[in-house]
Amino acid sequence: MGISQKEWVELLKEEYFSDFIRSGGSAIRIVTIPESDSDSIIEAVDGAASEKQFLVARVNSADVRVDKIEMIFHEVAKQVDWDKITETWLRQKLAENGILVDDAVSLDDIQTIADKIYTDKSNALAQIRRIIQNTVFNDRKLSKDFRTAITVLCYGHVNRQDVSPTQADLIKMWLKGEKFSLTDLKKLQIYQRVARHNARPLIVSLARWLKGAGYSGLVVILEFHTVMKNLKPYEAPVRYTANNVKDCYEVLRQFIDDTDKSSNLMMIVVAGPELLSDAKRSLDIYDALKQRTYDDVKVKDYVNPLNMLVSIEAG
């Protein structure tokens, strides 16, 4: 027994996107739906979240290894316009601190900014650097690596470099999981690649930071259909063994347990009915996640659309 797609998406929009998540909440919801109907619900969720000014990132298990949290983060990072969002965030913070920069004025035109606030160029640059330091680098609610990364991106807007790659380029390579020099990265006071131990704090930090850049937060849509399939090595570029499936469930379990430490973040997991029925790949193989998603009390002939795990009717 399930609920209609329209009913569930409307509930997400009204209860979560319009209020709870944008007000600082965090949640994860898992829906099962036949793969043939998957695209329609993903589009509907994307549209509902975008309408409420969320940044929406889609991660497909057919293309990205969702059993590795660092791979999920890299895929999300590739869908973020870091230059545009950083500039928006920085202009807003400057305005909050009394430095109004016209849209037509580039942030690296320090002389024009200095003239606008009746000071000299060196003092204007010092003020801007101090604002960046106080508003992002000293924000302990963000992970240290994320604070450092955004600080470098902000400096890249006010002091553009003529070298390639620039320090800002290096940060974006690090965020997206592209090839870069770790030696050069360490000079920026980031000493490690994105991995299992720091990827989740980076996602949580991104969602919180986006709130200050004009977004309501971050919505990550994880498409899990490939995880549910027992594919041969030659059948798909990304396949999941039984142990890989358990790793996927552990990723979700950790997100569930960390919801009280997150803000402005929602994760939607879209999987096939096999999530509940497959003997070798269902939630039954990983009790830690099953206990967190199944209802202890069920009402006959009624499906609570607010449950963490919901089945959507086909069609």
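**Entry 1: Val59 and its strand**

I started with Val59 and looked up its bridge partner in E3, which turns out to be Leu222. I am working from a predicted model, so everything here is computed. Next I checked how the two strands run: E2 (residues 54–60) and E3 (residues 217–223) pair in the parallel sense, and I find seven bridges between them. I also asked how covered E2 is, and five of its seven residues are buried.

**Entry 2: Ile33**

Then I turned to a loop residue. Ile33 sits between strand E1 (26–32) and helix H2 (38–51). Is Ile33 buried or exposed? Its relative accessible area is 1%, and because buried means under 20%, I note Ile33 as buried.

I listed what Ile33 touches, leaving out residues up to four places away in sequence. Among them are Gln5, Ser38, Ile41 and His225, and also Val270, Ala271, Gly272 and Pro273. Ile312 is on the list too. I looked at that pair separately: Ile33 and Ile312 are 279 residues apart in sequence, yet their C-alpha atoms are 5.3 Å apart in space.

**Entry 3: H7 and H10**

Last, I looked at a pair of helices. The axes of H7 (residues 144–158) and H10 (residues 196–211) come within 8 Å and cross at roughly 50°, which means I can call H7 oblique to H10. The crossing of H7 past H10 is right-handed.

Which residues make the contact? From H7 I noted Asp145, Phe146 and Ile150; from H10, Asn198, Leu202, Ser205, Leu206 and Trp209. Sorted by class, this contact has five nonpolar residues, two polar and one charged.

Methods. Residues are numbered from 1 along each chain as its sequence is written. This is a predicted model: local features need pLDDT of at least 70, side-chain atom pairs count only at pLDDT 80 or more; totals for chains, interfaces and linings use all residues. Side-chain values use heavy atoms; hydrogens and water are left out. Axes are lines fitted to C-alpha atoms, for helices over the stretch in contact, and angles run from 0 to 180 degrees between N-to-C directions. Helices (H or I, at least four residues) and strands (E, at least two) are DSSP runs, numbered from the N terminus. Angles under 35 degrees count as roughly parallel, over 145 as roughly antiparallel, 65 to 115 as roughly perpendicular and the rest as oblique. A crossing is left-handed if the near helix is turned anticlockwise from the far one by less than a right angle, and right-handed if clockwise. Contact means heavy atoms within 4.5 Å. Ala, Val, Leu, Ile, Met, Phe, Trp, Tyr, Cys and Pro count as nonpolar, Asp, Glu, Lys and Arg as charged, and the others, Gly among them, as polar. Buried means under 20% relative accessible area, exposed over 50%, partly exposed in between (1.4 Å probe, protein chains only). Two strands pair if DSSP finds at least two bridges between them.
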